[in-house]
Amino acid sequence: MAISEKEKTMGVDRRRLRGERARASILEHAIAIASTDGLEGLSIGRVATDAGVAKGNIQVLFGDKESLQLATIENAVELYQRVVLDPAMALATPAVRLEALVAAWFDFVEKRVLPGGCFLNAISSEYRARPGRIRDRVNEHRAAIRDRFATLLRLGQEAGEFRKELDIDQLVFELVAFQAAANVAALMGDTDEFTLARSASLNRIRGARV
């Protein structure tokens, strides 16, 4: 008996769903590996072993190692967006959003949502001197973080929440630097330095308020 078009479509949809689930599971393992061992430790064989799938399945879904690495970066950024960014950006005003965003980042790292803390901070160090597609993508995400901070500060100034004379570039630099120091401190078990970085970040934002 011939297969109807509807049955064909349903079969394609089921295969697509299985593929999406397999991809999500593989990326979950890939992020956990890369957050502690770096993207260079992210071999197809290692991920296949951790995820309990055949290497061939990973190659079908992602192609080569670099494509898997790039997909892992994007998946880590999506996780950060769901857990940290979206809740903060849903709040009422720019100043409240900025403070919530910074506080949530410290919570994200402290609670080890990823075992290696902040994914972008870790791979920024790993790829700082390695030109190529991965470093380019990391730089794009780093720039997006700085731009987001600067935009919230400018909007806050326009709304009368932040002082007009505030040096936005300086404050953005400090917030990024505090996070970089805090991520290392968290991974090294230096709770005093981590706490100091958190307090300094939030105090600088509050001190910039009108």
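The dialogue below works through how to read several features of a predicted model.

Colleague: Before we begin, what kind of model is this, and how are its residues numbered?

Modeller: This is a predicted model, in which local features need pLDDT of at least 70 and side-chain atom pairs count only at pLDDT 80 or more, whereas totals for chains, interfaces and linings use all residues. Residues are numbered from 1 along each chain as its sequence is written, and side-chain values use heavy atoms, with hydrogens and water left out.

Colleague: How many helices and strands does the chain have?

Modeller: Helices (H or I, at least four residues) and strands (E, at least two) are taken as DSSP runs and numbered from the N terminus. Here the chain has 9 helices and 0 strands, so that the order of elements from the N terminus reads α-α-α-α-α-α-α-α-α. The C-alpha trace spans about 75 × 40 × 30 Å along its principal axes.

Colleague: What percentage of the residues is buried, and what does the accessible surface come to?

Modeller: A residue is buried under 20% relative accessible area, exposed over 50%, and partly exposed in between, with a 1.4 Å probe and protein chains only. By that criterion, buried residues make up 39% of the 210 residues in the chain. The accessible surface, from the Shrake-Rupley method with a 1.4 Å probe, comes to about 11400 Å², and 53% of this belongs to carbon and sulfur atoms.

Colleague: Which residues have the most contacts inside the largest nonpolar core?

Modeller: A nonpolar core is a set of buried Ala, Val, Leu, Ile, Met, Phe, Trp, Tyr and Cys residues joined through side-chain atoms within 4.5 Å. The largest one in this structure has 60 residues, and those with the most contacts inside it are Leu39, Leu68, Ile73, Leu98 and Phe119. Helix α4 supplies the largest share of this core, 11 residues. Across the chain, among contacts between residues at least 6 apart in sequence, 66% join residues at least 24 apart.

Colleague: Turning to charge, how many positive and negative side chains are there, and how many salt bridges?

Modeller: Side chains of opposite charge can pair when their charged atoms come close. Lys and Arg count as positive and Asp and Glu as negative, while His and the chain ends are not counted; the place of a charge is NZ of Lys, CZ of Arg, CG of Asp or CD of Glu. On that basis the chain has 30 positive and 29 negative side chains, and the centres of the two sets lie 4 Å apart. A salt bridge is a side-chain nitrogen of Lys or Arg within 4 Å of a carboxyl oxygen of Asp or Glu, and the structure holds 12 salt bridges.

Colleague: Which parts of the chain does the salt bridge of Glu40 and Lys65 tie together?

Modeller: The closest N and O atoms of Glu40 and Lys65 are 3.9 Å apart. Because Glu40 lies in the loop between α1 (5-37) and α2 (44-51) and Lys65 in helix α4 (residues 65-89), the pair ties together parts that are 25 residues apart in sequence. Glu40 is partly exposed at 39% relative accessible area, and Lys65 is partly exposed at 30%.

Colleague: Where do Asp50 and Arg46 lie?

Modeller: Both lie in helix α2, 4 residues apart, about one turn of the helix, and their closest N and O atoms are 3.9 Å apart in a salt bridge. Asp37, Arg46 and Asp50 are linked in a network of salt bridges.

Methods: Contact = heavy atoms within 4.5 Å.
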